[in-house]
Amino acid sequence: MSPAPISAEIGVFGGSGFYAFLDDVVEVAVHTPYGAPSAPVAVGTVADRRVAFLPRHGAHHELPPHRVDFRANVWALHSLGVTRVIGPCAAGSLRSDRRPGEVVVLDQLVDRTSGRSRDTFFDGGVAGHVSFSDPYCGELAPFAVAAARSSGVTVHDGGTVVVVPGPRFSTRAESAYFARQGWDVINMTQYPEAYLCRELGLCYCGMALVTDFDNLPGESPVRMDEVFRVLRSNVDRTRSLLFELIPRIPAQRTPSSCACASALDQGPLGS
């Protein structure tokens, strides 16, 4: 008798420092139509919920943002049965009142990437005009805010992330421009990760951990070693936030507050 297939209901994309936060971990080498994901998927249990974790930058943080195969990563979680995805990410602040160590639960996204041609599962035909007016799941966001508060993290309920190609950081002129637009934080991976989840009908919750003040006037230039220092110093707090959030996520999606799955009705991926 063959063993039961490994599956999970909740997925977590993460960066450096989250690679071993699950109990009873089984690593799964997932094959996708788009190649291999960034690393084997670790599937385990958190508060009786089956969770799949995939480090978006690779097991040793070897993949820069522009080299991440986002399609393979999202498809890998989808193929394991995941319907809800949590996307903690590092971000620079574009506002003085969004400080390093704080978390912004995102509700809007501005794409300023370039050269990422593999940012859709729709490679031909007329299908694929998927609604993305509200990029983040409206049902998951309140649970993320409540979990952050319960775990003692300073959290901001809502915020717009502008996504840039990387791997370079912004110039001071670019940072000042982004701030003038009223955008809150800057990141290199939320697009196309959030959008690809939408194409597959997955709920996506973006949680930006502020690591620096980007290159705002009067601030020191962003340095990668400083970004990693802030990430390392907040690993335990962010892990606690995830442990608070995962049990709060409802087993079933509520259509009145979550329309993420409706994207599947718009094209052949839903057939």
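The model is predicted, so I kept to local features with pLDDT of at least 70 and side-chain atom pairs at pLDDT 80 or more, while totals for chains, interfaces and linings use all residues. Residues are numbered from 1 along each chain as its sequence is written, and side-chain values use heavy atoms, without hydrogens and water.

I then went through the aromatic pairs and noted nine in the structure. Rings of Phe, Tyr and Trp (its six-membered ring) pair if their centres lie within 6.5 Å; planes under 30 degrees apart are stacked, over 60 edge-to-face, the rest tilted. F132 and Y195 are edge-to-face, because their ring centres are 5.0 Å apart and their planes at 80°. This pair joins distant parts of the chain, 63 residues apart: F132 lies in the loop between strand 7 (108-111) and helix 2 (140-150), Y195 in helix 4 (residues 190-199). I took helices (H or I, at least four residues) and strands (E, at least two) as DSSP runs, numbered from the N terminus. Y195 counts as buried, because its relative accessibility is 11%. Y177 and W183 have ring centres 6.4 Å apart and planes at 90°, so I logged them as edge-to-face. Y177, at 35% relative accessibility, therefore counts as partly exposed.

Last, I checked helix 5 (residues 224-233), whose buried residues are V227, V230 and L231. They share one side of helix 5, because they cover an arc of only 100° around the axis, taken from the directions from the helix axis to the C-beta atoms.

How values were computed: Buried means under 20% relative accessible area, exposed over 50%, partly exposed in between (1.4 Å probe, protein chains only).
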